[in-house]
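This report goes through selected features of one protein model, from its rings to its strands and loops. Please keep the structure open while reading.

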Amino acid sequence: SPFPPSFFDRFSQKTVPCTVSCSEQCSCSWDIGQQRICNITVTVENPLGKKTVTDVFDVTHRIYPTAPFQLWEECTDTEITLYWKHRNKGIELFCQTEVLQPDGKVELHNSSDMHLHYASITLDGLQPYTEYTARVRCGAAKHFWRWSEWSEARTIRTKEASPSGKLDIWREITPVLRGRNVTLLWKQAPSFRANGRSISYEVTWEKVEDGSKPESISFSSVYNSTRISIDNHSYKISIMAKNNVNYSLPSVLIIPRATGNSRKTLFCSFLGTEELKEEQVNGTDDGIFISWETRHIYDSYIIDWCNFPMLQPCDLQWKRFGPNTSSALINSAAFVPGVRYNFHIYGSVANRASLLEKKTGYLRELPPLRDPTVKKVELTFNAVTLSWDSYLTNETQSGFVRGYHVYVSPIQEDCSLKGSKKHVLPDDSVLCKYTIENPEEKRYTVKYLLSNTKYKLVVKAYTGGGETPIVNFMYIDTPFN
């Protein structure tokens, strides 16, 4: 192992008297008095030889400041002024502040604002009521050599401010006797910020025509919907978020005046169900694709749907789109294959929404839940006519019913009836297949049968998801000619 290194200063012609301490690296210190220039030779030797290295420097160019200490701050909602003390009196320092943002990004800010006993920097453009973590290091402003160690990190929260942005609000309207029930829903839009410790919501509604006194109700942050009852006049509804400082800007909906006296007329005039026909749309692995025709008069579009259409409440959802958007892929973790989802597309202008189009579709269609029930069989010696009950094609089905397949085969042989197509079962037996491309059909005649012959038959409904496997047949015997 080497002997301890020795230090020699050529300017003072003296061996440097210091005790070497070594951990990760070796160091020593000594008093140089008024001397500024040092020409140091370090010699390390062991029994096999020696090695020397020389360095010439001005000690005022090799300043390694002590770390800043005793950090404190003054805050507003968007600014933090950070102060710290330093021990390097008489030395002009250049400092760097590292700020850890809430999103994990790190920003560096340089400063040289030095007073006799402390230094400071003002960080602006910050988010209200948000935590930031800061630490500081410094170096000599003239003849910079190296940074000091970092100060201790300090976590600082800016002060509260009024909520920024607006809530995203929507409604569901149900006609009732002498008026309507309006279910109001709201959520925090991506641009909304609470900017405070606690938040509540205030809902206000008033008649548009006569300027009557508004009614209002408040809710804690755990609520995101309510139901109010209104008459058939036009109403203005607004919702604001509130924290300890102030209210957000109001989000406004205008509920148009209802016309007509009967419940049916009210419902149809409001939702436009008489004029609009549902258009079928297709699902993908990523969601259900919706497109619509844009109209230049609208400043935004809204699509709403139920996450659980067969339940009550159905968990109404909505998405809002800009005026130049004409399509969207709607997805939800609640979407499952075999469930029909209904979508309403609204155009909105001046906070008034009008129903424009209706769409219906599946994430993925599945085969029908059950087969048609054949209620009547009419036989002749060479034909059979099958009749079945009206078959449900509504939202209770697990796919859009496109039509029916009728399968026929003699018991003893494969089928080759005129007008049919061959259909091979998993057991390699062959059936005659007839396709009826009309879901409203309830009757079909199979012709060209042989007399005095036993046949097996089955009627299956099919959707875009296909049909269930053939399990059970019905059997007939054609009479003698």
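Trp186, Tyr201, Phe219 and Tyr223 form one aromatic cluster in this predicted model. The structure as a whole holds 20 aromatic pairs. One of these pairs is made by Phe335 and Tyr341, whose ring centres are 4.4 Å apart. The planes of Phe335 and Tyr341 make an angle of 40°, and the pair is classed as tilted. Phe335 counts as buried because its relative accessible area is 7%, under the 20% limit for that class. Tyr341 is buried too, with a relative accessibility of 1%.

Aromatic rings also take part in another arrangement, with a charged side chain over the ring. Arg146 lies over the face of Trp145, and the distance to the ring centre is 5.4 Å. Lys187 places its charged end over the ring of Trp318, at 4.3 Å from the centre of that ring.

**The two open sheets**

Which residue of β32 is the bridge partner of Val408? The partner is Cys432.

Another open sheet has four strands in the order β10-β9-β12-β13, and here too the pairing is antiparallel. The edge strands are β10 (106–111) and β13 (154–157), each with pairing on one side only. From one strand to the next, the twist averages 30°. Strand β9, residues 93–100, pairs with β10 over six bridges in the antiparallel sense. Within that pairing, Glu98 has Leu108 of β10 as its bridge partner.

Why can strand β27 be called largely enclosed by the rest of the structure? The strand covers residues 352–362, and nine of its eleven residues are buried, so β27 is largely enclosed.

Strand β27 pairs with β21 and with β26. Strand β21 (residues 278–281) runs parallel to β27, and four bridges join the two. In this pairing, Glu279 stands opposite Lys359 of β27. Strand β26 (residues 340–349) pairs with β27 in the antiparallel sense, over ten bridges. Here the bridge partner of His344 is Lys358 in β27. Strands β26 and β27 form a hairpin with two residues between them, and in this hairpin Ala350 has a positive phi near 50°.

The bridge partners named so far are collected below.

| Residue | Partner | Strand of the partner |
|---|---|---|
| Val408 | Cys432 | β32 |
| His344 | Lys358 | β27 |
| Glu98 | Leu108 | β10 |

Ser234 is placed in the loop between β18 (225–230) and β19 (235–242). Is Ser234 buried or exposed? With a relative accessibility of 4%, Ser234 counts as buried. The side chain of Ser234 reaches the backbone oxygen of Ile255 at a distance of 3.2 Å. Apart from neighbours within four places in sequence, the residues in contact with Ser234 include Glu206, Val208, Ile255, Pro256 and Arg352.

Gln397 belongs to the loop between β29 (384–388) and β30. Gln397 is buried, because its relative accessible area is 6%. Again leaving aside neighbours within four places in sequence, Gln397 is in contact with Gly338, Tyr362, Pro368, Leu369, Tyr391 and Leu392.

Asn472 is found in the loop between β34 (454–463) and β35. Where Ser234 and Gln397 are buried, Asn472 counts as exposed because its relative accessibility is 60%, over the 50% limit for that class. Asn472 and Thr373 are 99 residues apart along the chain, and their C-alpha atoms are separated by 12 Å.

Methods. Residues are numbered from 1 along each chain as its sequence is written. This is a predicted model: local features need pLDDT of at least 70, side-chain atom pairs count only at pLDDT 80 or more; totals for chains, interfaces and linings use all residues. Side-chain values use heavy atoms; hydrogens and water are left out. Two strands pair if DSSP finds at least two bridges between them. Buried means under 20% relative accessible area, exposed over 50%, partly exposed in between (1.4 Å probe, protein chains only). A polar contact is a pair of N or O atoms within 3.5 Å; within protein, one must be able to donate a hydrogen and the other to accept it, and residues adjacent in sequence count only if both atoms are side-chain atoms. Contact means heavy atoms within 4.5 Å. Rings of Phe, Tyr and Trp (its six-membered ring) pair if their centres lie within 6.5 Å; planes under 30 degrees apart count as stacked, over 60 as edge-to-face and the rest as tilted. A charge sits over a ring if NZ of Lys or CZ of Arg is within 6 Å of the ring centre and within 35 degrees of the ring normal. Axes are lines fitted to C-alpha atoms, for helices over the stretch in contact, and angles run from 0 to 180 degrees between N-to-C directions.
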